[in-house]
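Here is a short tour of one protein model, written to be read with the structure open beside you.

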Amino acid sequence: MNAIEIRGLRKTYAAQGNQAPKDALNGVDLDIPQGSIFGLLGPNGAGKSTLINILAGLVLKTQGQVKIWGFDQDSNPRQSRASIGVMPQELHLDPFFSPRGALEMQAGLYGVARGDRQTDTILQLIGLSDKADAHARSLSGGMRRRLLLGKALVHNPHVLVLDEPTAGVDIELRNMLWANVRKLNAQGMTIILTTHYLEEAQEMCDEIAIINHGAVVVQDTTQNLLGRL
Ligand code: ADP
Ligand code: ADP
């Protein structure tokens, strides 16, 4: 089974003011294998974030079919949402929650029973055990990013999506993120990440899809793809 199956996916953002409507996705077909570390590569404006935001349920598609872990987004919205966790690009966090509070809140939103919550394990994974009860305002950029990764994991999703996880990130944090990605993947989690760095995709990903102008230009194993360059 594929972790993700996308057929004929289109997204047109509505016209705003004197701006014309924008076709961000023009019929995307994509299969993402279960258990892979999968890279979505493409230049700025290609449609990567739109695609990810549709997977996350944050943006409504205009047309097409999206299945997450076999669950159709339209006919099984609850199960498809429960199957995926997304680490967003923006560092937005509620300023009133500590890391522990933010993870508990997120677990609550996903309906994870108190007894099933892995808050301490997640705090340890993201290196924030010492800061568990600190004010969100006191967290550095790197800590915020790690907390956003933790929030994406509270419901133990089958699929983890990271949107440009290393944009503007120092080498230490990047290494920590990659170590966590590899660890989660080794435990069976399917990982999808967007990047515009080819070297990064090359280093991390088993398989890559290149997106341009809202369509998949090529999809192949990293090895085959690099052989073609
Ligand atoms: P990427 O993540 O690959 O940089 P995006 O998905 O962010 O690409 O953007 C794809 C296209 O859709 C771009 O032309 C972008 O300007 C446009 N776009 C993205 N979000 C919106 C929005 N909310 N409203 C209108 N146009 C948008
Ligand atoms: P910055 O202030 O640059 O945003 P970070 O918040 O990313 O810094 O990191 C602060 C410190 O925590 C760094 O020294 C980093 O090495 C360390 N750190 C990062 N990830 C982990 C982890 N998983 N476990 C323990 N320590 C970590």
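## A buried serine

In this predicted model, the side chain of Ser 83 comes to 2.7 Å from the backbone oxygen of Gln 79. To find Ser 83, look at the loop that links helix 2 (77-82) to strand 6 (84-87).

Is Ser 83 buried or exposed? With a relative accessible area of 3%, Ser 83 counts as buried, because the cut-off for that class is under 20%. Several residues from elsewhere in the sequence also touch this serine: setting aside neighbours within four places, Ser 83 has contacts with Ile 68, Trp 69, Phe 71, Pro 157, His 158 and Val 159.

The largest nonpolar core is made of 39 residues, and the ones with the most contacts inside it are Leu 147, Leu 149, Leu 153, Leu 160, Leu 162 and Ile 191. Which elements build this core, with at least two residues each? They are strand 3 (37-41), helix 3 (99-109), helix 4 (119-125), helix 5 (141-153), strand 7 (159-163), helix 6 (171-186), strand 8 (190-195) and helix 7 (198-204). Helix 5 supplies the largest share, 6 residues.

Not counting residues up to four places away in sequence, Leu 153 touches Ile 122, Leu 125, Leu 160, Leu 184 and Met 189.

## The shell around ligand 2

Helix 5 turns up again here: with 4 residues, helix 5 gives the most to the shell around ligand 2. Both helix 5 and helix 6 supply at least two residues of that shell. The complete set is Leu 125, Ile 126, Gly 127, Ser 140, Gly 141, Gly 142, Met 143, Arg 146, Asp 170, Glu 172 and Met 176. Sorted by class, the shell holds 4 nonpolar, 4 polar and 3 charged residues.

Where do polar side-chain atoms meet the oxygen atoms of ligand 2? A polar side-chain atom of Glu 172 sits 2.7 Å from a ligand 2 oxygen. For Ser 140, an N or O atom of the side chain is 2.7 Å from an oxygen atom of ligand 2, while for Asp 170 a polar side-chain atom lies at 3.3 Å from a ligand 2 oxygen. Taken alone, ligand 2 exposes 570 Å², and the protein buries 55% of that area.

Conventions:
Residues numbered from 1 in each chain as written. Chains lettered and ligands numbered in written order. Predicted model: local features only at pLDDT ≥ 70, side-chain atom pairs only at ≥ 80, totals over all residues. Heavy atoms only, no water. Core = buried A, V, L, I, M, F, W, Y, C linked by side-chain atoms within 4.5 Å. Buried < 20%, exposed > 50% of the residue type's maximum accessible area, 1.4 Å probe, protein only. Contact = heavy atoms within 4.5 Å. Polar contact = N/O pair within 3.5 Å; in protein donor to acceptor, adjacent residues only side chain to side chain. Near = heavy atom within 4 Å. Areas by Shrake-Rupley, 256 points an atom, 1.4 Å probe, with all protein chains shown as cover. Nonpolar A, V, L, I, M, F, W, Y, C, P; charged D, E, K, R; others polar.
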